[in-house]
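Have the model open while you read.

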Amino acid sequence: MLSLHSAQKRGSDGRIGLAIAGGGPIGGMYELGALRAMDEAMDGLDLTRMDCYVGVSSGAFLAAGLANRMSTAEMCRIFITGTSDDAEFRPEIFLKPNVGEYLRRAATLPRLYADWARRLMLNPRKATRLSDLILRFGGLVPTGLFDSEGVESFLRDVFTRRGRSNDFRTLGADLFVVAVDLDSGEAVRFGEKGWDGVPISQAVQASSALPGLYSPVQINGRHFLDGALRRTMHASTVLERGIDLMIGINPLVPFDAGNAAPQAGEEERRGLASGGLPAVLSQTLRTLLQSRMQIGMEKYPHQFPNIDQLVFEPNAEDSELFFTNLFSFSARHRVCQLAYRNTLADLRKRADVLRPMLAAHGIGLRDEIINDRHRSLLDGLDVAPRMTETTARLRRALDDVDQVVAKRRARRTAPALKSTGRVGGKASPRA
């Protein structure tokens, strides 16, 4: 499903921003599939050279990778096919039990028990109330099931090799990673002045610390949790930075069971309540996240009338996506493929409206890609040639040179195009 707003008066700077929401591991894989489809289908759009990125929770992984000029193809090789020579993705590092905190909290049990025993002798009725017991012994329960240190270590390794950077201040584009302060409820944008000294890997770790699943991440004496607790996509972060086109991806929408096709083996449609508590909680989470995003998206056309805005989301009647565990890694290939095809279908259906809008930003649609209804995510994922650290850095440097040359050539040809009235015609690759 594609939502769009056409600018009333388009700017001429050609600045593009990308906002990627959260959604757990499955949400991240859906976003990766959508990004891969855009990468292949939109001529002139370079997702690794946007002007501004904002990522929340699982979306922060992708935003940080793109800002570090990791292509969608390379990220698919890392997370989907496992054919990358750059990094090895092992799901178990994301699901490491939080043993250290278990032990630290268990060590406080003797002191808590002794204190409770004294209170029991003084006031037996009050000391045995359920509310008092929860308050007294609730501190024994860990703040998260899993330890996210492995997540931070994985990202730190990836962002400190092959010419990439783990420092917001040395990136070639603005990157913002949003997390929420546990003690104040304040949303903090890592990458902004004052918070740009925090390593990118640690910022992503904090932004993706889903309450209950991962413990809060301590940074500069403060504890941070998942950035989606305040807003779903934080699109205003890029809209406020003078861009001309905003592209957003939100992987979680409420499931429309009334319009969905029955699942295999079902003789008649049943309501979500038949799925028990997991189905109810999943629908509740999706509804809350999307409703908050819609409130913001309804305001943005009025607040930013001169910015073209595109937001890609799954189809509401997609039962396959809804009934996939949000925190499962085993379905990542299937979900990524689903997003890839959904996004190509959205581009195909709205092509007539999108062409003039995108052309204003130097972007075109590749008909041979969007009209191929059988195209697979794997079709464009040729195995990349193996590279050493030295060759990877050299390739990055040569790419920088190519970009400088392309920009200078574009500046020289722009006056000629204007004088011949050819501006706004066939889109050329964006420098």
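Which residue in β13 stands opposite glycine 248? That residue is valine 311. Before going further, note that this is a predicted model, where local features need pLDDT of at least 70 and side-chain atom pairs count only at pLDDT 80 or more, while totals for chains, interfaces and linings use all residues. Residues are numbered from 1 along each chain as its sequence is written, and side-chain values use heavy atoms, with hydrogens and water left out.

Glycine 248 belongs to strand β12 (residues 245-249), where strands are DSSP runs of E, at least two residues, and helices runs of H or I, at least four, numbered from the N terminus. β12 runs parallel to β2 (residues 16-20), joined by 5 bridges, and parallel to β13 (residues 308-312), again with 5 bridges; strands pair if DSSP finds at least two bridges between them.

In β12, 5 of 5 residues are buried (under 20% relative accessible area, 1.4 Å probe, protein chains only). Leu245, Ile247 and Ile249 point one way, Met246 and Gly248 the other. In a regular strand the side chains alternate between the two faces of the sheet.

Ile247 is also among the residues touching the most other members of the largest nonpolar core, which has 86 residues. Such a core is a set of buried Ala, Val, Leu, Ile, Met, Phe, Trp, Tyr and Cys residues joined through side-chain atoms within 4.5 Å. Helix α1 (residues 24-41) gives the most to this core, 9 residues.

Note on methods:
Buried means under 20% relative accessible area, exposed over 50%, partly exposed in between (1.4 Å probe, protein chains only).
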